Amino acid sequence: MAFPNKEPVPKEVIYMQMVQDSCIFKVALSGVAGFALGGLFGMFFSSFEMTPYDPAVYEQPMKQQLKATAKDMIKRSFSTAKNFAIVGAIFSGTECIIEEYRAKNDIYNGTAAGCITGAVLAAKAGPQAALIGCAGFAAFSTAIDYYLRRE
Amino acid sequence: MSFYPFGGGSSGGGSSQQQAVNAQNVAMAENELEMITDTFYRIVDSCYKKCIPPKYIEGELNKGESVCIDRCVAKYFEVNTKVGEALQKRGQQAGVGGAVTGFGA
């Protein structure tokens, strides 16, 4: 049943919208964005944490020192990027699944997804740490969602 | 749900008979179209009230709302079917019972 004078939406646009709304696409997008952001953060914060170098490094010529520093920076930023990507993917995936299950779009999807993500990330450190992680991440996610949804 | 239930292939007798049949077909088709349009707008109204909360952030449907509308339309048709079946059963029972009582009275 089409409204009069409305142009039919081309099939490609509908297909693109369907793909963009799917959970898998959102997880992939969050993973890639998390990776990029984590890489930037890692590169920035790696300058603050100097691992105790082997003093022999300082004896080597400038180029070697630069190469060693660069290698350390890349390793650190890669590990941060990976962590951010995993966090982003888990959060986005759980939020999408919860929203699809509830068939509602409100602020509590982010809270529940944050709790699950926090618990999963802190699971290795025991149940108490998982609870604290859940509460913390849920509060963080709710705050950000509230800020983004205010009018 | 066909629009022209009797088809256009009724080869009747004289032209006047064909005219009467065509008029009846047209009337039935009009009724059916009206029924379908009414059902469509009822579904749109009901699912809109159920699924779309009054605070609008953007113009496009997000994932939760799309899923809700899919389920709403499916449920509406299922309810339609079930109520139709229940009514039919009652009609049959009433028809049978009515015939018996009518005969007895």
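1. How many salt bridges are counted between chain A and chain B? The count is 1 salt bridge. A salt bridge here is a side-chain nitrogen of Lys or Arg within 4 Å of a carboxyl oxygen of Asp or Glu. The partners are Glu100(A) and Lys63(B), with N to O at 3.5 Å.

2. A word on the basis. This is a predicted model, in which local features need pLDDT of at least 70 and side-chain atom pairs count only at pLDDT 80 or more, while totals for chains, interfaces and linings use all residues. Residues are numbered from 1 along each chain as its sequence is written, chains are lettered from A and ligands numbered from 1 in the order in which they are written, and side-chain values use heavy atoms, with hydrogens and water left out.

3. Now the interface as a whole. Chain A puts 15 residues into the contact and chain B puts in 14 residues; contact means heavy atoms within 4.5 Å. About 1100 Å² is buried between the two chains, 59% of it on carbon and sulfur atoms. Buried area is the accessible area (1.4 Å probe) that two parts lose on being put together, summed over both.

4. Polar contacts cross the interface too. The rule finds 5 residue pairs in polar contact between chain A and chain B, both residues at pLDDT 80 or more. Such a contact is a pair of N or O atoms within 3.5 Å; within protein, one must be able to donate a hydrogen and the other to accept it, and residues adjacent in sequence count only if both atoms are side-chain atoms. On the side of chain A that touches chain B, α2 (23-45) and α4 (62-102) are the elements that give two or more residues. α4(A) gives the most, with 4 residues. That side of chain A divides into 6 nonpolar, 2 polar and 7 charged residues. Ala, Val, Leu, Ile, Met, Phe, Trp, Tyr, Cys and Pro count as nonpolar, Asp, Glu, Lys and Arg as charged, and the others, Gly among them, as polar.

5. Look next at α2(A). Helices (H or I, at least four residues) and strands (E, at least two) are DSSP runs, numbered from the N terminus. The 23 residues of α2(A) should span 33 Å at 1.5 Å a residue, and the end C-alpha atoms are 32 Å apart, which agrees. The expected span is 1.5 Å times one less than the number of residues. The buried residues of α2(A) are Cys23(A), Gly31(A), Gly34(A), Gly38(A), Gly39(A) and Gly42(A). Buried means under 20% relative accessible area, exposed over 50%, partly exposed in between (1.4 Å probe, protein chains only).

6. Ser141(A) sits in helix α6 (residues 127-149) of chain A. Ser141(A) is buried, at a relative accessible area of 6%. Beyond its neighbours within four places in sequence, Ser141(A) contacts Phe91(A), Gly110(A), Thr111(A) and Gly114(A).

7. Over all chains there are 4 salt bridges. One of them joins Asp106(A) to Arg102(A), at 2.8 Å between the closest N and O atoms. Asp106(A) is partly exposed at 21%, and Arg102(A) is partly exposed at 29%.

8. Chain B has 2 helices and 0 strands. Of its 105 residues, 14% count as buried. Asp38(B) and Arg42(B) form a salt bridge at 3.1 Å; the two are 4 residues apart in helix α1 (residues 15-51), about one helical turn. Lys49(B) and Asp45(B) form a salt bridge at 3.2 Å, and both also lie in helix α1 of chain B, 4 residues apart. Lys49(B) is exposed at 62%, whereas Asp45(B) is partly exposed at 41%.
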